[in-house]
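Please examine the structure shown below with attention to its charged side chains and to its surface. The paragraphs that follow lead through these two topics in turn.

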Amino acid sequence: MSDTSWFPREAIAFGGDYNPEQWPREVWDEDVALMREAGVNLVSVGIFSWALLEPREGEHDFAWLDDLLDLLHRNGIAVDLGTPTASPPAWFFHAHPEARVVTRDGTVQGFGSRGMASPSSPAYREAAVRIASALADRYAQHPAVVMWHVHNEYGAPVGEDFSPASVAAFRAWLQERYGSLDGLNAAWGTAFWGQRYAEWEHVGAPAATPSVANPAQRLDFARFTDHQLRACFVAERDAIKARATQPVTTNFMANECATTDLWAWAREVDVVANDHYLTAADERGHVGLALAADLTRSVAGGRPWILMEHSTSAVNWQPRNVAKRPGEMARNSLTHLGRGADAVLFFQWRASRSGAEKFHSAMLPHAGTTSRVWREVTALGADLGRLAEVRGSRVHADVALLWDTESFWAQDLEWRPSVDVTHRERVRAYYERLWRDGLTVDMAHPGADLSGYRLVVAPASYLLTQASAENLRRYVAGGGTLLVSFFSGVVDENDAVHAGGFGAPLRDVLGLTVEEFLPLRAGDAARLLWTWGEEREIVADVWADDIALEGAQVVASYLDGPAAGGPAVTRNRFGDGTAWYVSTRLGIDELAPVLAAVYDDARVVPPGHAHDVEVVTRRGADADYVVALNHSGDDAKVRLGDGVELLTGTRVAGALDLPAGAVAVVRRPTGGDGPQE
């Protein structure tokens, strides 16, 4: 599929989830008139409508949906038609109580919320395929339908399931994966604690246990869960594709949902779509947003993608649901656009009066068309209309940050050397350092082709297979620059420590051996002496390594703490490239001198923008599009090259004045002067 064929219009898609079943029929006409006023050209419908579409098993009622799709089409609004399988009806659970999800501690989940039934339930699979098939039979040729939207946010809220159906499916999955009990016992290390299995029927899911469950079993159950969720998607997708020609997708939760391996999921959809909601407690949520957008673009293989959901203001499900400030919605939206999205959609169109999400913001809020949110929504629609030519262009990055969901699953299990070490914290710290330095970043799997990147950063590669380690070795030997953080290369795909000890697969690349982990007590810190260029002291916390050098050059040493006098940061030439190792936890500011030195090796030149000014370039066939956003409270001048600012039509000569909180999109000649991410 081409970059833009999923949306058959020369426009950025703009709109959101539309749930008209919550409203009287006369409201629909008002909705559609207001959608046209706001510039809406795409809505997602039917996502939670199973109980209306199939009020009794095998009995369908499509009259209301026929009316809705015809109304939208008459008004020029395209439809992303959902399958409603994230919320099975009450009759389904009454008829099939065995399809209910069971938690790890054995609690059977009840009806009345949202989320899927057990993904391993044969009854659920059959019912889901049946309703998806019925929808495709009826609407495959409807002119409003431009795309199919299967389910909703797989893995959230329902991920792991410990029902009898899931346990049986897990056992079958293991038999296929390992072939024999000997293979399973070896992979799980069942000689430890006397866990060896002699019969397949004795193998179960890793339910709650008196102590810590087998970590290899937990890791495999995470893989199995992802597989089962994806199999549900594939079953519905294939039923639709047997009847319809429109592209099929589902909405990911990118870095917000740990249940799904997005690299595997991206191979199954026609176009990648993501939902993103700011974490209200994160005062620098715009950085987390950029990370999610970069991750989504990366799993899409660099192709333009769909922002399927975000919020106009506050959400309803966080402990403190902070409203967005004036202008923040536009900055959020255009950050996603700048980082590769060709669609800007929201949850939802009209705010609900009832139910669990009645306090969730919407394009048309409870306050109506006199509200600030509505004015900002209509202004955003107009701005996106001016940016139609950006559609289809791509983002280029010279830096990759390694992202491996299986490693994250393994690292975050119990009984690790320090509860203060999580993959999420290190990924965010290194990403934010790169973000502050103005560098555009791709996420990459450690086994992927890395040859196109000048710099690869591995902030959290606890689990590293031999194949991936060899891939990194080839990358460095071929002239690449690799930066590795602590607690990396520790275990293999079965969560077993590599033969040869901690970090063994990268020992020659890094030029060192980690002999022992030296985690710090809560609240303790260690001082480092940085000796690369100008000497300075750096404060670290949480972690240190006892390192034995095997050729690496020491560029920072511990002045105190459990590794006092030992190497803290090292640099090693390997083949035609260079590998750096950081053996402790450095904060975002403390990472600055380390990354500055690494950039020199990688021949990466940060553009030097003002604090909290974000600049990303999308490259088209005939022009570059530079998206600049000022997240700070101060006015800034940004060097963007010569071009035209598309939102205002003004010409730009070299630099642009960007007021506090403002956004600009500059079209300039391909390869023109200015920052090149």
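A residue is called buried when its relative accessible area is under 20%, exposed when the value is over 50%, and partly exposed in between. With this scale in hand, one may turn to the structure, which is a predicted model.

A salt bridge is counted where a side-chain nitrogen of Lys or Arg lies within 4 Å of a carboxyl oxygen of Asp or Glu. By this rule, the model contains 47 salt bridges.

Consider E57 and R130, whose side chains form a salt bridge with an N to O distance of 3.6 Å. E57 belongs to the loop between helix 2 (50–53) and helix 3 (63–74), whereas R130 belongs to helix 5 (residues 122–139), so the pair ties together parts that are 73 residues apart in sequence. E57 has a relative accessible area of 45% and is therefore partly exposed. R130, at 25%, is likewise partly exposed.

A second salt bridge joins the side chains of D182 and R196, with 3.1 Å from N to O. D182 is found in helix 7 (residues 181–188) and R196 in the loop between helix 7 and helix 8 (215–241), so this pair connects parts that are 14 residues apart in sequence. D182 counts as exposed because its relative accessibility is 54%. R196 is exposed as well, with a relative accessible area of 56%.

Are the two partners buried or exposed, or something in between? R218 has a relative accessible area of 14% and is therefore buried, whereas E414, at 33%, is partly exposed.

Salt bridges may also be joined into a network. In this model, D282, R284, R428, E432, R436, D589 and D612 are linked in this way.

W415 counts as exposed because its relative accessibility is 62%. Together with F192 and W193, W415 makes a nonpolar surface patch of about 440 Å².

Definitions and conventions:
Residues numbered from 1 in each chain as written. Predicted model: local features only at pLDDT ≥ 70, side-chain atom pairs only at ≥ 80, totals over all residues. Heavy atoms only, no water. Helix = DSSP H or I, 4+ residues; strand = E, 2+ residues; numbered from the N terminus. Buried < 20%, exposed > 50% of the residue type's maximum accessible area, 1.4 Å probe, protein only. Patch = residues over 30% accessible without salt bridge, like charges linked within 9 Å, V, L, I, M, F, W, Y side chains within 5 Å. Areas by Shrake-Rupley, 256 points an atom, 1.4 Å probe, with all protein chains shown as cover.
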